[in-house]
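Notebook open, structure loaded. I'm jotting down what I looked up, residue by residue and then overall.

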Amino acid sequence: MMKKINTGIYIHIPFCESRCHYCDFCSSIIDKNQVGKYFKYLKKEIMLYDELLKNRIIDTIFIGGGTPSSVDEKYIGDLFDLLNRYEIKSDAEITIETNPNSLTLTKANAYKSFGINRISIGAQSFNDKILKTIGRIHTKKQIYKAVENANKANINNINIDLMSSLPQQKFKDIENSLDEIKKLNPTHISYYSLILEENTKLFEMYQHDDSPFIGEITDRKMYHYIVEKLRDMNYEQYEISNFAKDGYKCRHNIRYWKLKDYISFGMSSSSNIENLRYTNSSNFNDYYSFIDKNKKPITFSETLSIQDRINEFIIMGIRLNDGVNIEEINKRFNIDFENLYKYELDKNILNGLVEKNKYNIKLTSKGRDLSNQVELDFLK
């Protein structure tokens, strides 16, 4: 009998209560009539993978968006009624993304009853004025309430998403955010630096007047301060933007960074099964139309070459604090990594961007600031 392969599942819920000013994700303002239909089709899509899922062991599930907590919890429950047909590991990490204003105690209790054991809360900032500027519809007070509701529901593995380099954000705001984190004591922090994406309100704002935005030097100072303070609070940095208390690294995200298999469902979601990469339609009508024809709603797919996979393995792996394990990459791709990448290693070690020991190559502190440059060097 063939050994079942461990696999992660991602489910995309594209609905939001409002559009954040920095967001370019596939999401739409919630329409009650659309929600029921979308979930009906989402379940149909999952069933199109019935045979594949029966031969897999699910060890991580991540429900993202959009804002999954913006929809009635019964829809999330329906998904788990279906997913429970398959083999879900007893210790699987099961995460749902939420917004502070929509994570009620009723929802948190329901999530717990479905088997969800990890909640990610999109806080972004503890400054109400900044929250308003970036189009968030919650307050600092509601962040506290959301954490309280998760704890009351006995979901103690809590991630808080925060952002730096936001318009009008001062160093003091970062200090204050870290003080709030100390009080809330979540198990995990994701701290992202704002990336201005085209066709977003913040991008338009920046083009019109860049004075509320900080420069790169201040951005880097903020970043190093965040890393240092979180370390003092016993959060281990294990990836450029991710920090965890002992035992609470996000296993689902590590799956992405380690190029392990994951199957994604819902509009615009991407999957990775061995060397096959594919992406679903990002349009409601097209998504429905494919499924009506009993077809998987895939609009893009590619089979990656060994070199593509090696490139990805290095680029994703170098983001991790542990870096790229030399033995692992050699074994996985049947290569001599140190010999094949001698020039790139020597150059980046000389420039103080990468360090190497017997087992790993990883970014230095300086290298984390210039990670894109390092990644480009290792592309073949």
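I started with Ser268, which is partly exposed because its relative accessible area is 24%. My cut-offs are: buried under 20% relative accessible area, exposed over 50%, partly exposed in between, with a 1.4 Å probe and protein chains only. Ser268 sits in the loop between β11 (262–265) and β12 (270–273). Helices (H or I, at least four residues) and strands (E, at least two) are DSSP runs, numbered from the N terminus. I looked up the backbone too: phi of Ser268 is near 65 degrees, a positive value in a residue other than glycine.

Before going on, a note on what I'm reading: this is a predicted model, where local features need pLDDT of at least 70, side-chain atom pairs count only at pLDDT 80 or more, and totals for chains, interfaces and linings use all residues. Residues are numbered from 1 along each chain as its sequence is written, and side-chain values use heavy atoms, with hydrogens and water left out.

**Another positive phi**

I checked Asn185 next, and its phi is near 50 degrees, a positive value in a residue other than glycine. Asn185 belongs to the loop between α7 (171–184) and β8 (188–193). With a relative accessible area of 45%, Asn185 is partly exposed.

Is Asn99 buried or exposed? Its relative accessible area is 10%, so I put Asn99 down as buried. I found Asn99 in the loop between β5 (87–98) and α4 (105–114). For contacts I use heavy atoms within 4.5 Å. Leaving aside neighbours within four places in sequence, Asn99 is in contact with Glu17, Thr67, Ser69, Gly122 and Arg136.

Then I moved to Ile121 in strand β6 (residues 118–124). Ile121 has a relative accessible area of 0%, so it is buried. Which residues does Ile121 contact, leaving aside neighbours within four places in sequence? I listed Thr98, Pro100, Leu103, Ala146, Val147, Ile158, Asn159, Ile160 and Asp161. From Ile121 to Arg277, 156 residues apart along the chain, I read a C-alpha separation of 29 Å.

Tyr144 is in helix α6 (residues 140–152), and it is partly exposed at a relative accessible area of 26%. Tyr144 and Pro100 are 44 residues apart in sequence, yet 8.0 Å apart in space, C-alpha to C-alpha. Beyond its neighbours within four places in sequence, Tyr144 is in contact with Phe126, Glu180, Lys183 and Leu184.

Tyr41 is in helix α1 (residues 32–48). I have Tyr41 as buried, with a relative accessible area of 7%. Not counting residues up to four places away in sequence, Tyr41 touches Tyr287, Tyr288, Ile291 and Asp292. Tyr41 and Lys172 are 131 residues apart in sequence and 47 Å apart in space, C-alpha to C-alpha.

Ser371 lies in helix α17 (residues 371–378) and counts as buried because its relative accessibility is 8%. Past its neighbours within four places in sequence, Ser371 is in contact with Ile240 and Leu363.

**Cores**

How many residues does the largest nonpolar core have? I get 87, and those with the most contacts inside it are Phe39, Leu230 and Phe337. A second, separate core of 5 residues includes Tyr238, Ala244, Cys250 and Leu320. By nonpolar core I mean a set of buried Ala, Val, Leu, Ile, Met, Phe, Trp, Tyr and Cys residues joined through side-chain atoms within 4.5 Å. In soluble globular proteins, nonpolar side chains tend to be buried together.

I followed up on Leu230: apart from neighbours within four places in sequence, it is in contact with Leu178, Ile181, Ile189, Tyr191, Tyr235 and Phe243.

**Whole chain**

The protein comes to 17 helices and 17 strands, and 53% of its 380 residues count as buried. Among contacts between residues at least 6 apart in sequence, 70% join residues at least 24 apart. The C-alpha trace spans about 60 × 55 × 40 Å along its principal axes.
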